[in-house]
Amino acid sequence: MSTEGCLRVGQSAPDFTATAVVDQEFKTIKLSDYRGKYVILFFYPLDFTFVCPTEIIAFSDRYEDFKKLNTEILGVSVDSEFSHLAWIQSDRKAGGVGDLNYPLVSDIKKEISTAYNVLDPAAGIALRGLFIIDKDGVIQHATINNLAFGRNVDETLRTLQAIQYVQSHPDEVCPAGWQPGDKTMVPDPVKSKVYFAAV
C-alpha cells in the first residue's frame, strides 16, 4: 500500500482491499476489481459532520450520469463500516445521507488515506481528496480541498469527460473550460492556430 514519495497523476492508483457498505450490507471490495471502468475515488473527513453529507448526497444523486460514462464512485473516510451504516440509515433531513448509489469504504486503519497522501496527521482524518482513475488503473486527475469547503460534482463530471475524450482522441487536447461538443485543439505550433483563430 505504500507509495514512493508523493502520489502524482500518471502513476498507478494504489490498490486496496477494504470493507464497504453497499446497499446497506457489508462487503469486501478491492480497487483492482474495478479495472476496465473509470473510478471517482473521493475522501471525506468524517461521518455525521456538515459539509460531508452535501458532497456524498450530490455524488449519489448524479450517479447515473457517471454510470453512463463507464464510471463507478467510491467514497472513503476513516470511520468504521458500522458508522457508515448508521449514517446511511439516518434520514437526510436529520443530517444523514440515506440510501446511496455507491459504496462508502471504511479506512479505519488509515492505510488508504495514507497511500493516497490525503491524511491530515494532526487531525487523524482525511482531507477532501478526489482522484479520477482510468480504466487501466492510472490516476488521471487529483485534487485536495481543505476541510471547510466542498467539491463540485459538475466539475468532476466535466473533467472525467475531458479525460475520456483525449484518451479516445490522442491527437487532440481540451482547452480550459472544455465541455463535450466544444472545439478541441491539436497540440502543434501550426495546427493549434486553427483553434485560436476561431476563438
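Let's begin at Ser83, a residue of helix H3, which spans residues 81-88. Keep in mind as you look around that this is a predicted model. Is Ser83 buried or exposed? Its relative accessible area is 18%, and because the cut-off for buried is under 20%, Ser83 counts as buried. If you turn to the side chain of Ser83, you will find a polar contact with the side chain of Asp47, at 3.0 Å.

From here, let's move to helix H1, which covers residues 51-61 and holds Phe59. With a relative accessibility of 1%, Phe59 is counted as buried, because that value lies under the 20% cut-off. Which residues surround Phe59, leaving out those up to four places away in sequence? Phe59 touches Ile40, Phe42, Phe66, Ile73, Tyr102, Leu130, Val153 and Thr156. Take a moment with Thr156 in that list: Phe59 and Thr156 are 97 residues apart along the chain, yet a distance of 9.7 Å separates their C-alpha atoms.

Now step back to the chain as a whole. The chain is divided into two parts, domain 1 with residues 11-168 and domain 2 with residues 171-198. Five residues from domain 1 and eight residues from domain 2 take part in the contact between them.

How much area is buried between domain 1 and domain 2? The value is about 570 Å², with carbon and sulfur atoms giving 64% of it. The size of an interface is often given in this way, as the accessible area lost when the parts come together. On the side of domain 1, the residues that lose the most area to domain 2 are Arg158, Tyr165 and Val166, and together these account for 76% of what that side buries.

What about polar and charged pairings at this interface? Between domain 1 and domain 2 there are two residue pairs in polar contact, both at pLDDT 80 or more. Salt bridges across the interface of domain 1 and domain 2 number zero. As for the residues of domain 1 that touch domain 2, three are nonpolar, one is polar and one is charged.

Terms used:
Residues numbered from 1 in each chain as written. Predicted model: local features only at pLDDT ≥ 70, side-chain atom pairs only at ≥ 80, totals over all residues. Heavy atoms only, no water. Helix = DSSP H or I, 4+ residues; strand = E, 2+ residues; numbered from the N terminus. Buried < 20%, exposed > 50% of the residue type's maximum accessible area, 1.4 Å probe, protein only. Polar contact = N/O pair within 3.5 Å; in protein donor to acceptor, adjacent residues only side chain to side chain. Contact = heavy atoms within 4.5 Å. Domains from an automatic or database assignment. Buried area = accessible area lost by both parts, 1.4 Å probe. Salt bridge = Lys/Arg side-chain N within 4 Å of Asp/Glu carboxyl O. Nonpolar A, V, L, I, M, F, W, Y, C, P; charged D, E, K, R; others polar.
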